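Me: I've got a model open and would like to talk through its side chains. Can we start with the rings and then move on to the nonpolar groups?

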Amino acid sequence: LSEVVMQKTKGNPFFVMEFIKSLKDRDLLKYNFHQKRWVWDENIIRAEEITDSVLHLLSYKMNGLPNNVQLLLKVMACFGTRTSESVIGYLMNSTEYCEV
């Protein structure tokens with residue numbers, strides 16, 4: 001499994017963690033309590049069409065979020081990496097974004 005993870009993630013630590021989480025979330029990596037070990041099918045994981053970049057993986061995950069959360073993230077991204085409380089307050093009081 002480590003060779004496949006390394007090949008798919010190119011060793012990027014963040015991508016390694018996200019890739020393993022995605023395997024677990026999709027039941028491609030499971031813990032077997034009777035055997036007391038993790039189990040997987042390497043051939044299935046190797047054949048998985050996993051994206052080659054963190055950006056695509058994050059985009060995939062973001063598409064799974066509720067629509068109002070996606071809208072909130074899109075609006076907040078317009079303000080950069082930090083947003084003041086006054087901007088958040090303004091958005092909360094606007095009719096378009098008050099439900100977000």
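Me: How many aromatic pairs does the count come to?
Reply: Quick background: this is a predicted model, where local features need pLDDT of at least 70, side-chain atom pairs count only at pLDDT 80 or more, and totals for chains, interfaces and linings use all residues. Residues are numbered from 1 along each chain as its sequence is written, and side-chain values use heavy atoms, with hydrogens and water left out. Rings of Phe, Tyr and Trp (its six-membered ring) pair if their centres lie within 6.5 Å; planes under 30 degrees apart are stacked, over 60 edge-to-face, and the rest tilted. By that rule, the count is 2.

Me: Why is the pair of Tyr-31 and Phe-33 called what it is, and what is that name?
Reply: The ring centres of Tyr-31 and Phe-33 sit 5.0 Å apart, with the planes at 75°, so this pair is edge-to-face.
Tyr-31 also pairs with Trp-38, at 5.4 Å between centres and 70° between planes, and that pair is edge-to-face.

Me: Which residues make up the largest nonpolar core?
Reply: A nonpolar core is a set of buried Ala, Val, Leu, Ile, Met, Phe, Trp, Tyr and Cys residues joined through side-chain atoms within 4.5 Å. Here the largest one has 7 residues: Val-4, Val-5, Phe-19, Leu-23, Leu-28, Leu-29 and Ile-45.

Me: What does Leu-23 touch, not counting residues up to four places away in sequence?
Reply: Contact means heavy atoms within 4.5 Å. On that basis, Leu-23 touches Leu-1, Leu-28, Leu-29 and Ile-45.

Me: And what is Trp-40 in contact with, leaving aside neighbours within four places in sequence?
Reply: Trp-40 is in strand E2 (residues 37–40), a strand being a DSSP run of E, at least two residues. At 36% relative accessibility, Trp-40 counts as partly exposed. Its contacts are Leu-1, Leu-28, Leu-29 and Ile-45.

Technical notes: Buried < 20%, exposed > 50% of the residue type's maximum accessible area, 1.4 Å probe, protein only. Helix = DSSP H or I, 4+ residues; strand = E, 2+ residues; numbered from the N terminus.
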